[in-house]
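Biologist: Could you take me through one part of this model, the place where the ligand sits? I'd like a close look at what surrounds it.

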Amino acid sequence: MSSNKEISNIPKHVAIIMDGNGRWAQKQGNERVFGHKHGVKSVKNIVEKASELKIEYLTLYAFSTENWNRPKYEVDALMALLVSSINSELDLLNDNNVSLQAIGDIQSLPKDVIDELNSAIKITSKNTGLKLILALSYSARWEILEAVKNIALNVKNSEINIDDIDEELFSSYLTTKQIPDPDLVIRTSGEQRISNFLLWQISYSELYFTEKLWPDFGKDDFLNAIFAFQKRKRRFGKTNDQIENK
Ligand code: IPE
Ligand code: IPE
Ligand code: MG
């Protein structure tokens with residue numbers, strides 16, 4: 001089926017809302033956590049494919065601030081899975097020249113998750129290929145409020161003037177400050193919503209929804225999302241004629 005031949009117009013930054021693990025497991029009469037375990041396999045496949053396609057940034061929404069409201073045993077299982085999979089996939093990251101980063105309220109995570117994460121970030125920091133960004137305990141409204149508070153503080157300290165506050169300055173107060181806005185946002189599992197993900201950053205991203213549940217989302221599905229992106233016409237408010245004659 002699909003091939004990598006259409007290598008031009010590859011999105012620089014792809015962000016994925018990895019959804020549907022629980023339903024995938026329950027459909028086969030298993031516990032939801034079984035689906036999370038299988039979701040790790042999809043993460044590996046997509047990291048490999050993104051590296052192969054020379055995508056520069058891949059952001060994966062792994063745990064939202066709202067996900068803390070799930071039953072404790074599921075939250076505990078997800079945290080344990082994070083520790084074990086970050087550890088077991090270090091070789092995969094190094095073999096593919098991938099560097100790891102994290103965005104979100106990292107300090108709210110359990111200490112063993114923070115330690116494992118920091119260690120993997122450090123070990124992979126010299127890798128020059130794909131930048132893999134895990135959104136953990138992340139919520140866009142939380143991130144925006146943090147930025148607002150820090151900007152207010154810096155205005156109060158006279159470090160910045162109110163007139164300095166523009167889109168560029170605001171972006172520099174977000175956890176994504178070194179990261180360009182996503183070109184493409186993919187959500188699996190058929191839900192068509194954003195669920196508090198990167199609200200500021202996706203103002204002009206292309207959105208792609210697929211019925212596939214995350215544990216079933218494979219390399220070909222990812223490639224199909226990229227092909228769909230390549231067919232989109234991004235106008236950024238301009239007319240078609242302006243885009244075509246530029
Ligand atoms: C996505 O799958 C993983 C996380 C949110 C952690 P879900 O766990 O949301 O699976 P569904 O949506 O209930 O099927
Ligand atoms: C969004 O999935 C968060 C992640 C994929 C980590 P959810 O399953 O938590 O989203 P809602 O609550 O159904 O919108
Ligand atoms: Mg879900």
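Modeller: Happy to! Keep in mind that this is a predicted model. Let's begin with the lining of the largest pocket, whose residues divide into 20 nonpolar, ten polar and ten charged. This pocket holds about 880 Å³ of space. It is lined by 40 residues, and those closest to its centre are M18, N21, Y61, A62 and F63. Several elements give two or more residues to the lining: α1 (21-27), α2 (32-52), β2, α3 (72-88), α4 (90-95) and β4 (131-138). Of these, α2 gives the most, with seven residues.

Now to the ligand itself. The space taken by ligand 2 is this largest pocket. Around ligand 2 you will find I17, M18, D19, Y61, A62, F63, S64, N67, R70, R187, R193 and S195. By class, that shell has five nonpolar, three polar and four charged residues. While α2 leads in the pocket lining, strand β2 (residues 57-64) gives the most to the shell around ligand 2, with four residues.

For R187, an N or O atom of the side chain is 3.2 Å from an oxygen atom of ligand 2. As for cover, ligand 2 taken alone exposes 390 Å², and the protein buries 77% of that.

How values were computed. Residues are numbered from 1 along each chain as its sequence is written. Chains are lettered from A and ligands numbered from 1 in the order in which they are written. This is a predicted model: local features need pLDDT of at least 70, side-chain atom pairs count only at pLDDT 80 or more; totals for chains, interfaces and linings use all residues. Side-chain values use heavy atoms; hydrogens and water are left out. A residue is near a molecule or strand if one of its heavy atoms lies within 4 Å of it. A polar contact is a pair of N or O atoms within 3.5 Å; within protein, one must be able to donate a hydrogen and the other to accept it, and residues adjacent in sequence count only if both atoms are side-chain atoms. Accessible areas come from the Shrake-Rupley method with a 1.4 Å probe; for residues, only the protein chains shown count as cover. On a 1 Å grid over the protein atoms alone, a cavity is a set of points where a 1.4 Å probe fits but cannot get out, and a pocket is an open set with protein on both sides within 12 Å along at least five of seven lines; lining residues have an atom within 4 Å of a point. A molecule sits in a cavity or pocket if more than half of its atoms lie within 2 Å of its grid points. Ala, Val, Leu, Ile, Met, Phe, Trp, Tyr, Cys and Pro count as nonpolar, Asp, Glu, Lys and Arg as charged, and the others, Gly among them, as polar. Grid points are joined across faces, edges and corners, and a volume is the space filled by probe spheres set on the points.
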